[in-house]
Amino acid sequence: GLTTAHFVQPVDIMQVMGQTLELEEEIVLTQDDNNGAREEDAATCLSQHADMLKEYFAILIVEDEDSVVWLQGLPVLLENHVPDPSGLPLFLLRLATEVDWHHEKACFQGVCRELGFYYGVVENIGNIFPALCHLLAPPPENELAEYVTTLTTLANLYKVFERC
């Protein structure tokens, strides 16, 4: 399974999402909307699914005796790669609101998609490239056509450049 990277200081999910809702320009609230209620609903959603998130995705969420929901750790998806902390609030908000929690397959796909969005933002590609080279394995030869499309060959490229 996945390993969880534990935070030195747990993150108050409601507080962090509240900052996102205040700053996020894409979220337009009507007069009836209430950011406090939205962040509380989102934190409750994540708390309700904490066991599944821990077991399958190594996302550690706990609720304390005061009903404060804390993020205590995230999965290690790629050795020596830490996602940008500034993206954490939006990741948590999207995890709570963009995942279909009612259907198992859609739920797993949604959590994977949100993890991919969050971990996929790479500031310095030089730090991640050696790890990708080490971990990336091509499919078996008999399955290659299913995963890889041949765009051209070296011989065809030579023919094109001979004309130039």
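Predicted model: local features only at pLDDT ≥ 70, side-chain atom pairs only at ≥ 80, totals over all residues.
## Helix H3 against helix H5

The crossing of H3 and H5 is right-handed. Residues are numbered from 1 along each chain as its sequence is written, and side-chain values use heavy atoms, with hydrogens and water left out.

H3 covers residues 50-57 and H5 covers residues 104-120. Their axes come within 12 Å and cross at roughly 70 degrees. Axes are lines fitted to C-alpha atoms, for helices over the stretch in contact, and angles run from 0 to 180 degrees between N-to-C directions. H3 is therefore roughly perpendicular to H5. The classes are roughly parallel under 35 degrees, roughly antiparallel over 145, roughly perpendicular from 65 to 115, and oblique for the rest.

H3 supplies Met52, Leu53, Tyr56 and Phe57 to the contact (heavy atoms within 4.5 Å). H5 supplies Cys107, Phe108, Val111, Cys112 and Leu115. By class, this contact has 9 nonpolar, no polar and no charged residues. Nonpolar covers Ala, Val, Leu, Ile, Met, Phe, Trp, Tyr, Cys and Pro; charged covers Asp, Glu, Lys and Arg; the others, Gly among them, are polar.

## Helix H4 against helix H5

H4 passes H5 in a right-handed crossing. The axes of H4 and H5 come within 10 Å and cross at roughly 170 degrees. H4 is therefore roughly antiparallel to H5.

From H4, the residues in contact are Leu88, Phe91, Arg94 and Leu95. They meet Val111, Glu114, Leu115, Phe117 and Tyr118 in H5. The contact of H4 with H5 has 7 nonpolar, no polar and 2 charged residues.

## Salt bridges

The whole structure holds 2 salt bridges (a side-chain nitrogen of Lys or Arg within 4 Å of a carboxyl oxygen of Asp or Glu). In one, the side chains of arginine 94 and glutamate 114 meet at 2.7 Å, N to O. Arginine 94 lies in H4 (residues 88-97) and glutamate 114 in H5, so the pair ties together parts that are 20 residues apart in sequence. Arginine 113 also forms a salt bridge with glutamate 114, with the closest N and O atoms 3.4 Å apart.

Glutamate 114 counts as buried, at 1% relative accessibility. Arginine 94 is partly exposed at 27%. Arginine 113 is partly exposed at 36%. Buried means under 20% relative accessible area, exposed over 50%, and partly exposed in between (1.4 Å probe, protein chains only).

## Isoleucine 59

Isoleucine 59 lies in the loop between H3 and strand S2 (60-63). At 0% relative accessibility, isoleucine 59 counts as buried. Its C-alpha atom is separated by 5.9 Å from that of proline 75, 16 residues apart along the chain.

Not counting residues up to four places away in sequence, isoleucine 59 touches Ala50, Leu53, Lys54, Leu71, Gly73, Leu74, Pro75, Phe91, Leu95 and Leu115.

## Whole chain

The protein chain has 8 helices and 3 strands. Helices (H or I, at least four residues) and strands (E, at least two) are DSSP runs, numbered from the N terminus. From that terminus on, the elements run β-α-α-α-β-β-α-α-α-α-α.

Buried residues make up 30% of the 164 residues. Among contacts between residues at least 6 apart in sequence, 63% join residues at least 24 apart.

Notes
Left-handed = near helix turned anticlockwise from the far one by under 90°.
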